[in-house]
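This report describes part of a protein model in plain terms. Please keep the sequence and the structure in view while reading.

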Amino acid sequence: MAFMEKESPGEVQLDDTVTLKAVIEASQNLNSHTEYIIRVQRGVVTENSWQVIRRYSDFDMLNNSLMISGLSLPLPPKKLIGNMDREFIAERQKGLQNYLNFITQHHILSSCELVKKFLDTNNYSINYTEIALQQVSMFFRSDPKWEVVEPLKDIGWRIRKRYFLIKNKEQSKERQVLSWVGFGPDKFLSDKDLLSTMKILPSLSCPFIYPVTFATTNESSALIIRMFNDKGTLRDHICKVKPKEPFMKKYCNPKKIQGLELQQIRTYGRQILEALKFLHDKGFPYGHLHASNVLIEDNTCKLLDIENSLLGLPSYYRPYVTQFRKINLTEAIDVYSFGHLLFEMTYGRPPDAVPMDQLPPAPFTSVVSVLQSILSTEACKTGMPTVTQLLQTPLFKDVLLFNSEKAQFKITTKLKEALKMAKDSLEKRLQEEQKTIHQHRRLTRAQSHHGSEEEKKKRKILARKKSRQSTYENEEDFLVKYSNNSGSGASSPPTCPSSPTPPSTSVEHAPF
């Protein structure tokens, strides 16, 4: 099947998971409105920054678009009269800064296309829906048995990925999902090896991995087809939402979240760990586990998007993983991600922050020790347990798996070597980013410590001590030198004319 051969103009090797920080540096009045000058920085490198200018109306438009999230967004209210007053503008600027802090620190909002375009128009001005439609149309022309039923708008979180519900004209009742996605910054396989690997994905058979119907690539993107599952993902199940709804609407502020029963947690957890172990044993990198990448079919969990690492896509939890230098291998990322997933299955929501040493009251105490072994400060600093070790914990060890399907996936020796090299390169880029963040954090702490009032006082006290010590040592040197000179018959040192020699204090007594 032919796929679009020309390189797409939409190919941008940018890591969309790198956080954007935004600080309002100043405001300026122009005619009847105020403009806010915003300094935006990607990641921790200060040189990677730029300015954007936005009006309040721009913030208002963004906010209206983000209302689908169901979150209470802290945008300052409108004011029609007196909105050019200096004090009002200063107060509004504080409110807008608070708003920027909120949307750039929220895990889902910060990675959405709306926020990226607002802060980084240059890198996010491309219409990926249009590119996806062009390439999907090319594919359909080469294989006319397929037909689009409807676009599945915004059901995923990735900016450079689009979904379409399609059908095979020969089997018109069946619905399948076609996904188009541009390559990411971690694409290290050659085009030839990537295409070869993608073509064998439909041959992968594992009871806990959702099958691929068809997969192919061109120079800049990939196209994958799977059967549509109307039961939705594990996160859909937890949040009680419909699979076709937009990602932000479903997951930013779900209203009916509910954790799973203990037996479900044990069964689903065991199934997911078995899938991870199968991929690890095959030398196949994953690194993309989260609750929206797990489908539920007949009470069985099945992993989705196993092709993501091949295509160089950064993982959902990458902004977390980059903070911990010990989580630097694909297997460790999978285990760390499993910790997030286990928390979500237990409490019905993602963790507020990681690491966490104090877990919320757990409905099942048997889950706590496993969560602590992954999400605690100690675990994040010293390293993750292995998948095999997790399978041996009391929580999962005795879970019976009734699926008799044998897992199999044949990969040639040459492709295994190519996959290992690509995996090593992926991990190297992660480790370099972790090192940069670690160095930045140390520098920031040092600067903060150096600039604190308490530290300034300590430095003043230390400076006084050194000054007194220096004076004392100079006096000692002077006395030693004077003593030596007196003993050798040398002349006395000259005295200052303004300081006459004091009279002798000794008293001679007259004889009686």
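The sections below treat the model, a sheet, its helices and the cysteines.

## Basis of the model

The model is predicted: local features need pLDDT of at least 70, side-chain atom pairs count only at pLDDT 80 or more, and totals for chains, interfaces and linings use all residues. Residues are numbered from 1 along each chain as its sequence is written, and side-chain values use heavy atoms, with hydrogens and water left out.

## The sheet

Three strands form an open sheet in the order E1-E2-E3, and their pairing is antiparallel. Strand E1 (20–30) and strand E3 (49–55) are at the edges; each has a single partner strand, so one side of each lacks a neighbour in the sheet. On average, neighbouring strands of this sheet are turned by 25 degrees against each other, direction ignored.

Strands are DSSP runs of E with at least two residues, helices are runs of H or I with at least four, and both are numbered from the N terminus. Two strands pair if DSSP finds at least two bridges between them. E1 and strand E2 (residues 33–42) run antiparallel and are joined by 10 bridges. Ala22 has Val40 in E2 as its bridge partner.

## Helices on the sheet

Helix H1 (residues 56–66) lies across E2 and E3, at about 90 degrees to E3. Helix H2 (residues 86–105) packs on the sheet and touches E1 and E2, its direction making about 155 degrees with that of E1. Contact means heavy atoms within 4.5 Å. Axes are lines fitted to C-alpha atoms, for helices over the stretch in contact, and angles run from 0 to 180 degrees between N-to-C directions.

## Cysteines

A disulfide is a covalent bond between the sulfur atoms of two cysteines. Here a disulfide is counted when a pair of cysteine sulfur atoms lies within 2.5 Å, and the count comes to zero disulfides.

Cys239 counts as buried because its relative accessibility is 5%, and Cys380 counts as buried at 3%. Buried means under 20% relative accessible area, exposed over 50%, and partly exposed in between (1.4 Å probe, protein chains only).
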